[in-house]
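Thanks for making the time this morning. I would like to walk through a few local features of one model, and I will give the cut-offs as we go.

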Amino acid sequence: MKRILFGLGIFLILLVGAGFYISSNISERIQAEINKNPDRSYDLNFEEIHVSLLRQRVQLDKITIVPLKEDESSSIRGSLEKILLKDFHIWDYFSSKELVIGDVILYDPVFQLTLKDQQSQGKKGSHAFQSIFEDIVRRGEIENFQVINGKADLFNGEEELVRIGGFTDLEVSASGLKTDRRILTHIVPFELDEIKTSLKNLELDLRDEKKLRIGAMSFDLLEQSIQVENVSLHYADDLIDVSNRLVHQEDLLNFDLKSLKLEGIDANSDLYGQWSAIAKKLTLDSLVFVDLRNKNKSRPVESTKKLFAGLMASIPFPVDLDTVLIQNSRLDYLEVGSGKESPGLIRFDNLNARIEGFVTVDSLRKQKEMKVFLQSDFMGHTPLNAEIRVPYDKEAFWLNLTLSPLALNKLSEVTEPLAGVKINSGQLHKFELQMQANEYVAQNTLTFDYEDFHIEVEKKGESGGANKMATFAGNIALRTSNLPEAKSYRKASYQSTRNVYRGPFNFIWETCKAGVSEIMPSGVARIFLKSPEEKNSKKNSRK
């Protein structure tokens with residue numbers, strides 16, 4: 001019996017000793033070989049290592065990730081609480097030095113991404129994370145890769161670093177990795193069976209005093225979808241204050257978006273490297289878009305602008321979306337008129353749109369044209385409907401726009417701040433514009449049926465009073481009614497000329513004004529509709 005117990009004790013001692021030897025040997029090998037590859041981009045330095053033979057796992061504690069190769073536009077480094085190597089094939093590694101691991105899990109990583117070229121923030125930032133994850137995964141034959149509770153701080157500059165943003169709650173779960181096949185469209189850039197990624201609380205300071213915020217975003221490969229929530233892009237200060245600091249006038253934009261969902265993502269999409277979006281449907285819900293222009297500022301030297309097809313072609317990465325849906329949204333255009341301090345507002349509430357065939361690259365186009373169907377409440381008072389067709393083979397578009405019946409005095413909130421004209425009464429029965437436009441001119445038909453139209457012109461330089469002479473002259477000169485049953489009924493068929501230094505929406509707006517001028521007496525139409533630029537041009541001609 002004593003011999004048996006003695007033998008068992010010797011066996012246990014040898015077993016523990018062998019285990020200790022194997023564990024120590026594996027620890028020493030990992031420390032010696034983890035940074036051995038001469039082609040690596042980063043060093044992984046750790047303070048502690050724990051090897052469990054029974055559980056087949058290795059744990060590295062207090063890790064730092066140090067870049068070895070400087071990138072001209074960005075650099076990334078990091079630290080982690082621990083890296084867990086689960087299902088570690090210990091005997092394969094002990095006998096043949098082959099590093100075969102079932103799961104690599106990064107716990108609580110903190111990354112510091114420095115962008116040296118702020119113009120390339122998005123692309124270089126996403127590529128940097130691809131680079132660091134690829135470098136870790138390439139150190140062995142790894143089946144699954146996870147990141148748990150990661151966060152990052154983003155900096156700009158080379159000598160003096162300035163924090164420009166960051167994010168929290170980074171989660172990555174990639175399974176079925178095949179590291180012999182590199183796929184640049186994934187944040188873990190290899191062929192794989194499934195990947196899910198998500199992050200929260202993204203903030204990024206952009207140029208020109210703007211800040212981008214994203215509450216949460218997630219990607220699921222199997223569901224072929226991306227979900228983004230609570231997006232905002234805002235100037236730090238009020239838009240009017242920003243416009244007053246500008247040398248020249250320009251469009252200042254803010255927007256908020258409750259959610260964005262991209263569905264049916266094609267495998268050829270690249271959301272992390274070069275950027276391309278090929279998908280079946282994009283849905284934007286509760287978009288609030290604000291555009292302000294201050295006409296007190298002079299216009300800069302401008303280049304010619306494109307129409308819809310040209311604007312789409314200028315998007316700097318490929319986009320192919322079968323359908324774009326805009327739901328429950330609002331568009332505000334604010335304009336500070338020349339000599340004014342407060343802006344006038346043109347508002348489109350309850351905006352819903354459907355865009356079919358949104359494609360930016362000729363080689364991806366399966367259809368000959370893009371179709372846009374839009375519904376909105378103009379100024380919250382009357383439905384507006386529009387249909388736009390944009391051919392891809394030329395700079396042109398076709399438009400049909402209608403407004404439902406409306407009490408015209410409700411439009412005084414637009415005309416008073418922009419033109420100094422108050423509408424005292426009037427009833428719109430029908431407004432319908434048909435427009436066939438090319439790059440320079442448009443052939444148009446406008447139906448503008450109304451009655452009992454009277455205006456009041458305000459005194460220049462004074463508030464709360466009417467210019468009685470101008471008001472009297474205007475009401476004498478204008479046609480108070482334009483109805484189909486009247487002998488003097490007018491329906492405008494006319495040509496409008498485009499200002500090539502303005503975009504397509506300005507072309508539509510100017511065409512509407514020109515059509516109204518065909519139906520109303522031209523003198524009053526100019527009082528009611530003339531732009532600040534026209535007023536300034538007259539002033540300058542007198543000088």
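Let me begin with burial, where buried means under 20% relative accessible area, exposed means over 50%, and partly exposed is what lies in between, using a 1.4 Å probe and protein chains only. Please keep in mind that this is a predicted model, in which local features need pLDDT of at least 70 and side-chain atom pairs count only at pLDDT 80 or more, while totals for chains, interfaces and linings use all residues. Residues are numbered from 1 along each chain as its sequence is written, and side-chain values use heavy atoms, with hydrogens and water left out.

The first stop is Arg293, which sits in strand β14, residues 277–294; strands here are DSSP runs of E with at least two residues, helices are runs of H or I with at least four, and both are numbered from the N terminus. Because its relative accessibility is 11%, Arg293 counts as buried. What does the side chain of Arg293 make a polar contact with? The partner is the side chain of Asp251, at 2.8 Å, where a polar contact is a pair of N or O atoms within 3.5 Å, and within protein one must be able to donate a hydrogen and the other to accept it, with residues adjacent in sequence counting only if both atoms are side-chain atoms. Leaving aside residues up to four places away in sequence, Arg293 also touches others, including Tyr333, Leu334 and Glu335, contact meaning heavy atoms within 4.5 Å.

Next, Asn35 lies in the loop between α1 (2–33) and β1 (42–52), and at 19% relative accessibility Asn35 is counted as buried. The side chain of Asn35 makes a polar contact with that of Arg139 at 3.1 Å, and the C-alpha atoms of Asn35 and Asn45, ten residues apart along the chain, are separated by 8.4 Å.

Now to backbone angles. Most residues other than glycine have a negative phi.

Finally, helix α6 (residues 412–419) has Ser412, Val414, Thr415, Leu418 and Ala419 buried. Seen down the axis, these buried residues fall within an arc of 160 degrees, so they line one face of α6; the arc is taken over the directions from the helix axis to the C-beta atoms. Just after α6, Gly420 takes a positive phi of about 70 degrees.
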